[in-house]
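I am opening my notebook on this structure. I will go through it one place at a time.

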Amino acid sequence: MSSKRNGQSVDRRTRYTQNVIRDSLLSLMQQKPFTKVTVTEICKLSEINRGTFYLHYYDLDDVLDDIIEKTIQDTTQVFDHVMCPEKDRCTYPFCRKVQESREFRILFSDETASARLLDKLCELSKEDFITRLMQNSLLSYEQAEALLYFQMNGCLAINKRMLKNNCRDWGSIQQVIDRFIKSGLESFLIKDERRNMPPDHEESPSDPRPVRKTFPGSHPG
């Protein structure tokens with residue numbers, strides 16, 4: 001759906017009104033599922049009329065999409081966790097972001113919003129994740145894509161559970177998950193075994209073994 005926000009210059013008053021509408025939706029989503037919220041409730045809480053609402057947004061889905069877009073604008077760095085062999089700790093940046101962000105906490109707690117958020121996160125990280133994994137493994141596109149969605153859905157599930165249980169000590173859980181993800185991804189990576197070869201060994205065109213790459217940040221072994 002094309003938003004009414006696209007292609008428009010946004011002045012201060014417009015930004016203020018949109019902020020109020022977004023914040024009203026988030027506040028209502030703390031009380032009820034997104035699917036139960038109405039435009040009438042948004043207008044009442046925002047102290048605006050329906051005409052003003054529709055001047056800025058097509059519908060509530062448009063508002064939710066705007067919230068999601070703005071929530072993930074500054075989270076590009078947290079996507080690094082999906083390629084854990086490059087990092088000492090995999091899930092922490094994203095888990096910390098969820099803990100610190102009111103918007104993330106509300107979105108993750110709602111079935112409709114969390115599914116849409118997950119789709120957006122996967123969309124943003126898919127190209128880089130799949131490209132890098134295929135370049136350094138023998139996995140097909142479909143296999144690499146499956147790993148991405150498996151990992152992102154797992155991340156969503158554990159964050160939901162931690163938020164539901166009001167868990168503040170994520171340390172031990174993160175260590176277990178990080179170890180699991182890191183070991184799993186590294187098992188598919190093509191290691192550079194040339195370091196284990198005798199000094200006088202020289203590869204020749206007739207050598208049947210492929211030249212293997214070392215994945216950035218991975219450890220030969």
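**Entry 1**

I started with helix α1, residues 12-29, and helix α2, residues 39-46. This is a predicted model, so I am reading computed positions. I looked up how the two axes lie. They come within 9 Å and cross at roughly 115°. The crossing of α1 past α2 is right-handed.

Which residues meet there? From α1 I listed Val-20, Ile-21, Ser-24, Leu-25, Ser-27 and Leu-28. From α2 I listed Glu-41, Ile-42, Leu-45 and Ser-46. I sorted the residues of this contact by kind: six are nonpolar, three polar and one charged.

I noted a rule for reading the α1 list. An α-helix has 3.6 residues a turn, so residues three or four places apart point the same way.

**Entry 1: helix α1 by itself**

I checked the length of α1 next. The helix has 18 residues and reaches 26 Å from its first C-alpha to its last. That is close to the 26 Å expected at 1.5 Å a residue.

What caps the N-terminal end of α1? I found Asp-11 there. One of its side-chain oxygens lies 3.3 Å from the backbone nitrogen of Arg-13.

Then I looked for buried residues in α1. Among them are Thr-14, Thr-17, Gln-18, Arg-22, Leu-26 and Met-29. Val-20, Ile-21, Ser-24, Leu-25, Ser-27 and Leu-28 are buried too. I asked what the buried residues of α1 pack against. The partners are α2, α3 (50-56), α4 (60-71), α6 (102-109) and α7 (111-135).

I picked Ser-24, which sits in helix α1. Is Ser-24 buried or exposed? Ser-24 counts as buried because its relative accessibility is 5%, and the cut-off for buried is under 20%. Leaving out residues up to four places away in sequence, Ser-24 touches Ile-42, Leu-45 and Ser-46. Its side chain makes a polar contact with the side chain of Ser-46, at 2.7 Å. I also checked Ser-24 against Leu-45. They are 21 residues apart in sequence, and their C-alpha atoms are 6.2 Å apart in space.

Ser-27 is in helix α1 as well. Ser-27 counts as buried at 19% relative accessibility. Not counting residues up to four places away in sequence, it touches Leu-45 and Arg-102. The side chains of Ser-27 and Arg-102 make a polar contact at 3.4 Å.

**Entry 2: a loop residue and a helix residue**

I moved to Asp-110, in the loop between α6 and α7. Asp-110 is buried, with a relative accessible area of 5%. Which residues does it touch, not counting those up to four places away in sequence? I wrote down Met-29, Lys-32, Pro-33 and Phe-34. Asp-110 and Met-29 are 81 residues apart in sequence, yet 7.5 Å apart in space, C-alpha to C-alpha.

The backbone oxygen of Asp-110 lies 2.8 Å from a polar atom of the Ser-114 side chain. Ser-114 is in helix α7. I looked up its burial: the relative accessible area is 2%, so Ser-114 is buried. Leaving aside neighbours within four places in sequence, Ser-114 is in contact with Leu-107, Phe-108, Leu-156 and Lys-160.

**Entry 3: two exposed residues**

I wanted some exposed residues too. Glu-47 is in the loop between α2 and α3. Glu-47 counts as exposed because its relative accessibility is 73%, and exposed means over 50%. I checked its backbone. Glu-47 has a positive phi of about 60°, although it is not a glycine.

Lys-164 is in helix α8, residues 141-164. Its relative accessible area is 76%, so Lys-164 is exposed. How far is Lys-164 from Arg-105? They are 59 residues apart in sequence and 9.7 Å apart in space, C-alpha to C-alpha.

**Entry 4: the whole chain**

Last, I stepped back. I counted nine helices and zero strands in the protein chain. Buried residues make up 41% of its 221 residues. Residues 24 or more positions apart account for 66% of them.

Terms used:
Residues are numbered from 1 along each chain as its sequence is written. This is a predicted model: local features need pLDDT of at least 70, side-chain atom pairs count only at pLDDT 80 or more; totals for chains, interfaces and linings use all residues. Side-chain values use heavy atoms; hydrogens and water are left out. Axes are lines fitted to C-alpha atoms, for helices over the stretch in contact, and angles run from 0 to 180 degrees between N-to-C directions. Helices (H or I, at least four residues) and strands (E, at least two) are DSSP runs, numbered from the N terminus. A crossing is left-handed if the near helix is turned anticlockwise from the far one by less than a right angle, and right-handed if clockwise. Contact means heavy atoms within 4.5 Å. Ala, Val, Leu, Ile, Met, Phe, Trp, Tyr, Cys and Pro count as nonpolar, Asp, Glu, Lys and Arg as charged, and the others, Gly among them, as polar. The expected span of a helix is 1.5 Å times one less than its number of residues. Buried means under 20% relative accessible area, exposed over 50%, partly exposed in between (1.4 Å probe, protein chains only). A polar contact is a pair of N or O atoms within 3.5 Å; within protein, one must be able to donate a hydrogen and the other to accept it, and residues adjacent in sequence count only if both atoms are side-chain atoms.
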